There are 2 protein chains.
Amino acid sequence: MPAVSDSPDEFRLIADLFAPLSRGYPGALGLTDDAALMRPPPGMDMVLTVDAMVEGIHFLPDDPADLVARKLVRVNLSDLAAKGAVPVAVMLAAAFPHNVTGAWLRRFADGLRLDLEAFSIALIGGDTVSTPGPLTLSLTAFGQVAAGTALLRSGARAGDRIWVSGSLGDGAAGLRAAQGLLGDARPEHVGYLADRYRLPRPRTGLGPELVGHAHAAMDVSDGLVQDLGHLCRASAVGAEIRADGVPLSPAVAALVAADQSWLATVLTGGDDYELLFTAPPEETEALIQIAARTGVALTPIGSVVPGSGVTVLDADAVPMRLGPAGWRHFRQSPSGDAT
Amino acid sequence: MPAVSDSPDEFRLIADLFAPLSRGYPGALGLTDDAALMRPPPGMDMVLTVDAMVEGIHFLPDDPADLVARKLVRVNLSDLAAKGAVPVAVMLAAAFPHNVTGAWLRRFADGLRLDLEAFSIALIGGDTVSTPGPLTLSLTAFGQVAAGTALLRSGARAGDRIWVSGSLGDGAAGLRAAQGLLGDARPEHVGYLADRYRLPRPRTGLGPELVGHAHAAMDVSDGLVQDLGHLCRASAVGAEIRADGVPLSPAVAALVAADQSWLATVLTGGDDYELLFTAPPEETEALIQIAARTGVALTPIGSVVPGSGVTVLDADAVPMRLGPAGWRHFRQSPSGDAT
């Protein structure tokens, strides 16, 4: 691609900042060639994913540059973890606004370096362009998994238990916290939630451990109910989950305790980046051991059933439905039409 | 990543339009999973590249959607060709403006399909988001090459001949043609050039043929002199080329004949997507045969020399230099400072 000619200094700076991030990966060719080389070990499948983020949509304009970079890395690694893959490398395509500053770029590269080191991966290629629009980032992530063992969305079977890692609702509540919309919440909860929104914790340690135990897996990025719906469609099954079985952080539990309508946000809010997976009941003991070994809580929230669709049950095992005003108890639905 | 919630219909349409483009590649998982799977054949290296394009910078807002898609594919395949790799698959990250229409998206998908079929590759994954800014596209392309044989920028040696494929200057002159700035040129030349700008011809057939013959290679995307400079730096060598040896299409030859200052554009203009490579003189006969076999003209334009930097010689073998007003004859330089 043609280099952008209107800000050569910044593009030189970017090259200088990014080149060290390829260290330790000879196939990156120092980020000075047209492409990168990768030689997957025999017996492994490569797992490939790409995610884009746009300023003002996927992150806030005021979010610190280092956290933007780290979030970009982490949402991609979450996809790899959901397939049971070990991350190997990433490539970055970045469209920077004309007014991006050197200080911003340095902080962005710092964040990138921090997480590449944290997850033992390298930046092996990319493209930098200029844009008159908002900062737009796209990261391609490469992982590997033993051939034929990747966890897919399509493997769920009726009778499987449905599990989630960690806690749900932190991402969606965290967005509101980061926007300053949680004025009534306790300050330590606001801080915890905003941090969870800005810096997801991809379950890279957990994902590979689930290979051989889980039938199907994905990460929760669009919201539990939507994502479980995707998994059910891919597997041609249905799902039944208990709303009160969904694991909550203390911060979100406090929000729900104060206002039950937060439960809708927990069930449908995005940005959680936890793993959602199904496994046969006989794997329960193995999963409990994996939770202990990885330090990641694993919670059964329901079952895979024949049929299609996701049914959410309340504490009395009565189906809830999502109306225009959010989730409500099915029996309280004024219109009475079934989900 | 969270789905964009403000235009669900368009995102459903995109999913419907793109899913068929993954046909024939089981690892794409029908574009319905978090990631794609790829199992490179034993003995092969994977070659990975990414390029981003922004509306108004890398293509014109009025460019037909199908041509935008095809250009995106082609600039990436050009990078793979330059490494000697055979293309296998692509992943697309797209940030669509809010006002994108269904008709535009259909035409975009049509163009994508056309070129995926033309180059026998599949769309194996991607991410679609919404943007308040200009259309921003990023494509990751995957190719393969026999292990250890990829053509790098860093392999040039003093004594190598420098070659280019096809003709140079068509991309830069084509941009002006597409912008309606070539009013004096012959209509058939304007049409030819605008087409070359909008629809590059990546040398995917030629690139793999050069493996084992070329010492170093890259594609000409930033402009011949700049790109040859990159190659020289990567190889720690210098280069000497003859301006009058650079191959021109009839359309660009006519421009240069009418106005010699077009030569600067030929030497430094971008968007050519031809291959630039070096090979020892004893490979000349083999390269002539490759040109005949692939139907792609190959022209020797100079030599790799010890030292550093790119020297451009005029018809009298006198060095030219690039001044603020473009390339000029070194001997005519008013300031007299050497390059």
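Chain A splits into domain 1 (8–146) and domain 2 (153–327), with the bounds taken from an automatic or database domain assignment. The model is a predicted one, so local features need pLDDT of at least 70 and side-chain atom pairs count only at pLDDT 80 or more, while totals for chains, interfaces and linings use all residues. Residues are numbered from 1 along each chain as its sequence is written, and chains are lettered from A and ligands numbered from 1 in the order in which they are written.

Taken over C-alpha atoms, the centres of the two domains of chain A sit 27 Å apart. Where they meet, 18 residues of domain 1 are in contact with 18 of domain 2 (contact: C-beta atoms, placed from the backbone, within 7 Å). On the domain 1 side, α2 (65–82) and β3 (86–97) of chain A each put in at least two residues, and α2(A) gives the most, with ten. Helices (H or I, at least four residues) and strands (E, at least two) are DSSP runs, numbered from the N terminus.

Then there is an open sheet of five strands, ordered β1(A)-β2(B)-β5(B)-β3(B)-β4(B), with mixed pairing (a pair takes at least two DSSP bridges). β1 (36–38) of chain A and β4 (122–131) of chain B are the edge strands, each with a single partner, so one side of each has no neighbour in the sheet. Inside chain B, β3 (86–97) and β5 (136–146) pair antiparallel over nine bridges; Ala94(B) has Leu137(B) in β5(B) as its bridge partner.

How values were computed. Two residues are in contact if their C-beta atoms, placed from the backbone, lie within 7 Å.
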